[in-house]
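Visitor: Hey, could you walk me through this one? I'd like to start with how charged side chains pair up.

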Amino acid sequence: TLRPAFIIFTNNVKTKKLGAVGDLLADLAGEIKSFDGGVDINMKPSLFNSIKKQIKRLMARYSKVETNINKIERELEGHKVQMMKDIAIFDQMYEKNIEYFKELSLYIIAGNKKLEQLKNEVLPALHQKAEETGEQNDAQAYNDMINIVNRFEKKLYDLKTTRIISIQMAPQIRLLQNNEAELVEKIQGSLTNTIPLWKNQMVLALGINNAKQAIGAQKAVTDLTNSMLQKNSEILKQGSI
């Protein structure tokens, strides 16, 4: 009963949850890479130049990407909680597997002793009795015991095979558990480092671009003032002439 439950659980882990987490981490990286927070600093500024339009487009793109990242963040958090539960379940499965292995070993030891008794004591006694009496019932009892011993020996072989599977299962459980633990660490790193760092970077980018807009507008006003002063000077010069 242990192995089928183990197969169902681990197949669900490998084909669904782990793949979903990998897709989410890939989506997160794609969303971050898709966003470029820069504007063209070489653009000629004017009072109503395109820097303001660029910042509006930047804000719209940032808002869209931030929405997607927040959704990914919530899904990753949910997977992290579930995977931490799974890690605890793997511990339970590992302990159950050890208990199962010990029980199998005890059954095998007891079975070997019983098989030895059947072969060395029971069968010879039945065979001797059948030889002495010559009765059909005694001969049949001897043949029945031979069949019982053969089936019992096959059962012991099956138990030994199951014990080998149990031995192999222990590192498999730990392997899957370690895989989930590593993914939990990756998720935690994304939640505590990657996403906040990206958001901080975007805040800085937006702040710098707003400063660029203000500087551009200020330069445009200064240029316009200088141009008007120059024109006034020309007018006064022409008037004096």
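Visitor: What does Arg174 form a salt bridge with?
Guide: Its partner is Asp91, and the closest N and O atoms are 3.0 Å apart. The pair links distant parts of the chain, with Arg174 in helix α3 (residues 136-240) and Asp91 in helix α2, 83 residues apart. Keep in mind that this is a predicted model.

Visitor: Why would two side chains do that?
Guide: Side chains of opposite charge can pair when their charged atoms come close.

Visitor: Okay, and is Arg174 buried, exposed or partly exposed?
Guide: Arg174 has a relative accessible area of 28%, so it counts as partly exposed. Asp91 is partly exposed too, at 35%.

Visitor: How many salt bridges are there in the whole structure?
Guide: A search of the whole structure turns up four.

Visitor: Which residue does Lys80 pair with?
Guide: Lys80 forms a salt bridge with Glu77, and their closest N and O atoms sit 3.3 Å apart. Both residues lie in helix α2, three residues apart, which is about one turn of the helix.

Visitor: Is Lys80 buried or exposed?
Guide: Lys80 is buried, because its relative accessible area is 12% and the cut-off for buried is under 20%. Glu77 comes out at 33%, so that one is partly exposed.

Visitor: Switching topic: where is Ser190?
Guide: You'll find Ser190 in helix α3. With 8% relative accessibility, Ser190 counts as buried.

Visitor: And what does Ser190 touch?
Guide: Leaving out residues up to four places away in sequence, Ser190 touches Leu25, Leu28, Ile195 and Pro196.

Visitor: Now the confidence side. What's the mean pLDDT of the protein?
Guide: The mean is 79, and 78% of the residues reach 70 or more.

Visitor: Which element has the lowest mean pLDDT, and which the highest?
Guide: Helix α1 (residues 2-34) has the lowest, at 62, and helix α2 (residues 51-133) has the highest, at 86.

Visitor: Where does pLDDT stay under 50?
Guide: That happens over residues 37-48. The model has 19 contacts beyond four places in sequence for that stretch.

Key:
Residues numbered from 1 in each chain as written. Predicted model: local features only at pLDDT ≥ 70, side-chain atom pairs only at ≥ 80, totals over all residues. Heavy atoms only, no water. pLDDT = per-residue confidence, 0-100. Helix = DSSP H or I, 4+ residues; strand = E, 2+ residues; numbered from the N terminus. Contact = heavy atoms within 4.5 Å. Salt bridge = Lys/Arg side-chain N within 4 Å of Asp/Glu carboxyl O. Buried < 20%, exposed > 50% of the residue type's maximum accessible area, 1.4 Å probe, protein only.
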